[in-house]
Amino acid sequence: MVSITFIEPSGTPRTVEATPGTSLMEAATTNSVAGIIAECGGNCACGTCRVFISGAAKALVAEPGDMEAAMLEFLDDAGADLRLSCQVEVTEAMEGLEVTVSPEQR
Ligand code: FES
């Protein structure tokens, strides 16, 4: 298991245990992290699983694929650090990763 900390929209940090090979979204929803809605269930279609991954943490996650990049372009809070958590696969290298849940999920 890999420890991942989600900073919820209220500012509260929530550290959860995630299984490598699953997504950050699955780790969040399984552990009832506030702010991750995931309406489409991880199909890269709703944009309600947004997180910001910044600084050195970015080096621990793969670049967005074409579908994710296309979806990100249409979101109000789009920027270099914004990701769809359903498209970010958890790896062992992410131990201690901290991500911030976007307050904008609609
Ligand atoms: S859960 Fe719908 S885009 Fe991530």
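Q: Which residue meets glutamate 68 in a salt bridge?
A: The side chains of glutamate 68 and arginine 83 meet in a salt bridge, with 2.8 Å from N to O; the term stands for a side-chain nitrogen of Lys or Arg within 4 Å of a carboxyl oxygen of Asp or Glu. Glutamate 68 belongs to helix α2 and arginine 83 to strand β4, so this pair ties together parts that are 15 residues apart in sequence. Helices (H or I, at least four residues) and strands (E, at least two) are DSSP runs, numbered from the N terminus.

Q: And are those two buried or exposed?
A: Both glutamate 68 and arginine 83 are buried, where buried means under 20% relative accessible area, exposed means over 50%, and partly exposed is in between, using a 1.4 Å probe and protein chains only.

Q: What kind of model is this?
A: This is a predicted model, in which local features need pLDDT of at least 70 and side-chain atom pairs count only at pLDDT 80 or more, while totals for chains, interfaces and linings use all residues. Residues are numbered from 1 along each chain as its sequence is written, and side-chain values use heavy atoms, with hydrogens and water left out.

Q: How many salt bridges does the structure hold?
A: The structure holds 4 salt bridges, and one of them joins aspartate 77 to arginine 50, whose closest N and O atoms are 2.8 Å apart. Aspartate 77 is in the loop between α2 (66–72) and β4 (82–84), whereas arginine 50 is in strand β3 (residues 50–52), so the pair ties together parts that are 27 residues apart in sequence. Both aspartate 77 and arginine 50 are buried.

Q: What about arginine 14, which residue does its side chain meet?
A: The side chain of arginine 14 meets that of glutamate 8 in a salt bridge of 3.3 Å, N to O. Arginine 14 counts as partly exposed because its relative accessibility is 26%, whereas glutamate 8, at 10%, counts as buried.

Q: Switching to β1, how many of its residues are buried?
A: Strand β1 (residues 2–7) is mostly covered, with 6 of its 6 residues buried. Val2, Ile4 and Phe6 point one way from β1, and Ser3, Thr5 and Ile7 point the other way.

Q: Which strands pair with β1, and in what sense?
A: Strand β2 (residues 13–18) pairs with β1 in the antiparallel sense over 6 bridges, and strand β5 (residues 97–101) pairs with β1 in the parallel sense over 4 bridges; two strands pair if DSSP finds at least two bridges between them. Threonine 5 has threonine 15 in β2 as its bridge partner, while isoleucine 4 has leucine 97 in β5.
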